[in-house]
Amino acid sequence: MNSSGWKAENKFVSDKGEENSCYRDEADKEWEKRKEEIGLYKRKIDLIVFLPDSLLVNEPSLRDKTYKYLQIVRSLSIFRVNKLIIYRDPLLDNEPRYDKELITKLHNYYLVPPYLRKKLIPIDPMLKYVGAAPPLRLLIHSVGSKPVIGEYRQGYVEKKHSSYVLVDAGLQKLIRVICIDECPSREKIILFKLTSTRPLEGEYRKLYQSILYTGPILEYKDDLLKEIKKLREKAYYLMATSKYGRKICLNLLTSLKKSFEELYKGIAILFGAPYYGLHEIFKGYGKSLGEYVDIVINTLPNQGTKTVRTEEALH
């Protein structure tokens, strides 16, 4: 099955005219031009991970919760996951959900470039232990204190004009960024390419936001089953993880890779909770896991420990 707007060779074809097709052509050129920095770019096939809102429930302290969530964000970023969806755990309906605000604040903190955090992130007791964990170090954040022509940066928009914006990108001086496309109207943090150091100038294109990887987007969904159905309609391949699933092997991976390239727009991977797996969670909905996903896999067959933590399962 082909999703609207997609071909078997996995190149985007716009249903709304030629504008997006033009962007896709430019994106392909950028991919070829900078293969050595492939980690800077988003995956061509969308990758989404589902985790329950109980993912931090077994951590006793704010320090432990902070450290665990950073490990999760790092794991997702290592594999360039496009989106993290936190779904409501139906087996915790009678339990208070204290961690949603914490997760949101931690996520926003980690994805803001380090050179902009002092400006954009106010002092907050929930962020008390962010310095105790190792840095996230996204490639898009790994720029120096001196400007380099051709590098991509994220910058905070300080002033807007009709054809350019002035941004703070951690270089002591504001950078004049020329809008090749229409200037951003609502975005406060934008991606741009540095084109000159004397004077400090850059260029803004919508293309950069669509192809450069800036970490996983965070979303919350109350209805897991409804969200899964939406993704199936959009031609996503749905994978569930479980110790009762099929053991991962080279033949299975080879067959799955061929299916992804020919049939699917993206991949969604579901993970269970700290104290119980997806089979139990779906029973909480009164449903069977196998009815909603394309495959259930065991990514860690013959594991040497009784349990596997969320941050470990992501690898």
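Visitor: Where is Pro 199 found?
Guide: The model is predicted, and residues are numbered from 1 along each chain as its sequence is written. Local features need pLDDT of at least 70, side-chain atom pairs count only at pLDDT 80 or more, totals for chains, interfaces and linings use all residues, and side-chain values use heavy atoms, with hydrogens and water left out. Helices (H or I, at least four residues) and strands (E, at least two) are DSSP runs, numbered from the N terminus. On that numbering, Pro 199 is found in the loop between β6 and β7 (200-204).

Visitor: Is Pro 199 buried or exposed?
Guide: Buried means under 20% relative accessible area, exposed over 50%, and partly exposed in between, with a 1.4 Å probe and protein chains only. The relative accessible area of Pro 199 is 51%, so this residue is exposed.

Visitor: How far apart in space are Pro 199 and Ile 175?
Guide: In sequence, 24 residues separate Pro 199 from Ile 175. From C-alpha to C-alpha, the distance between Pro 199 and Ile 175 is 8.5 Å.

Visitor: Which residues form the covered face of β5?
Guide: Strand β5 covers residues 175-179. Its uncovered face holds Arg 176 and Ile 178. The covered face consists of Ile 175, Val 177 and Cys 179.

Visitor: In which sense do β5 and β7 pair?
Guide: Two strands pair if DSSP finds at least two bridges between them. β5 and β7 have four bridges, and in β7 the bridge partner of Cys 179 is Tyr 204. On the other hand, β4 (residues 164-168) runs antiparallel to β5, with four bridges. For β5 and β7, the sense is parallel.

Visitor: Which residue in the hairpin of β4 and β5 takes a positive phi?
Guide: Leu 166 has Arg 176 as its bridge partner in β5. The hairpin has six residues between the strands, and the positive phi, near 75°, belongs to Gly 170.

Visitor: In what order do the strands of the closed barrel run?
Guide: Strand β3 (residues 152-160) and strand β6 (residues 189-197) run antiparallel and are joined by five bridges. Gly 155 stands opposite Ile 190 in β6. The barrel has five strands with mixed pairing, in the order β3-β4-β5-β7-β6.

Visitor: What span does helix α2 reach from its first C-alpha to its last?
Guide: The expected span of a helix is 1.5 Å times one less than its number of residues. Helix α2 (residues 62-78) has 17 residues, with 24 Å expected. The span in the model is close to that, at 24 Å.

Visitor: Which residue with a positive phi follows α2?
Guide: Buried residues of α2 include Tyr 69, Leu 70 and Val 73, and their cover includes β1 (46-52), β2 (83-87) and α3. After α2, a positive phi near 55° is found at Arg 80.

How values were computed:
Contact = heavy atoms within 4.5 Å.
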